[in-house]
Amino acid sequence: GGAAAGAAAAALAAHPWAVLYLGAVATAAGNWLQTLGQRSVPAEQAAIIYSLDPLYGAGFSRLLLGEELGPLGYLGSALILGAVVISRVDAALAAKASARGAGANGGAAAKGRAEREDEALR
């Protein structure tokens with residue numbers, strides 16, 4: 001409550017440039033660059049990339065700051081990776097089933113999607 005607000009106000013007063021940097025560069029520029037990048041990436045791939053964000057954070061904190069994950073951190077990482085793998089395999093299987101079941105008119109498009117999904121799994 002009040003103690004946390006007081007500590008935050010003291011940190012802001014002690015380090016105004018760091019707070020300004022975090023707001024302007026890390027947050028605003030990061031979100032702007034993310035928006036630019038999403039323009040050229042299909043929604044499904046963007047969702048996978050952003051779902052892995054906690055893993056990127058943990059990896060960079062290990063690499064740059066020497067931080068260690070605890071057992072729950074490793075469990076969470078395994079759950080995230082497992083969910084990503086399951087979603088990609090499920091999408092590839094659905095695309096293959098769609099390609100097999102499509103008629104002459106849509107078969108080529110569905111087959112192309114299935115091939116792209118297969119390539120994404122490699």
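## Basis of the model

Local features of this predicted model need pLDDT of at least 70 and side-chain atom pairs count only at pLDDT 80 or more, while totals for chains, interfaces and linings use all residues. Residues are numbered from 1 along each chain as its sequence is written, and side-chain values use heavy atoms, with hydrogens and water left out.

## Helix α2

Helix α2 covers residues 16–38, which is 23 residues, where helices are DSSP runs (H or I, at least four residues) numbered from the N terminus. From its first C-alpha to its last, α2 reaches 32 Å, close to the expected 33 Å, a span defined as 1.5 Å times one less than the number of residues. Helix α2 also has a kink of about 30°, centred on Leu-22, the bend being the angle between axes fitted to the seven residues ending there and the seven starting there.

## The nonpolar patch

Ile-49, Tyr-50, Tyr-56, Phe-60, Leu-63, Leu-64 and Leu-65 make a nonpolar surface patch of about 760 Å². The elements giving two or more residues to this patch are α3 (43–51) and α4 (53–65), and α4 gives the most, with five residues.

Tyr-56 lies in helix α4 and is partly exposed, at 36% relative accessible area (buried is under 20%, exposed over 50%, partly exposed in between, with a 1.4 Å probe and protein chains only).

## Arg-116

Arg-116 is placed in helix α6, residues 107–121, and counts as exposed, with a relative accessibility of 54%. Although Arg-116 and Ala-95 are 21 residues apart in sequence, their C-alpha atoms are 9.2 Å apart in space.

Key
Patches are made of residues with over 30% relative accessible area and no salt bridge: like charges are joined within 9 Å, nonpolar side chains (Val, Leu, Ile, Met, Phe, Trp, Tyr) within 5 Å. Accessible areas come from the Shrake-Rupley method with a 1.4 Å probe; for residues, only the protein chains shown count as cover. A salt bridge is a side-chain nitrogen of Lys or Arg within 4 Å of a carboxyl oxygen of Asp or Glu.
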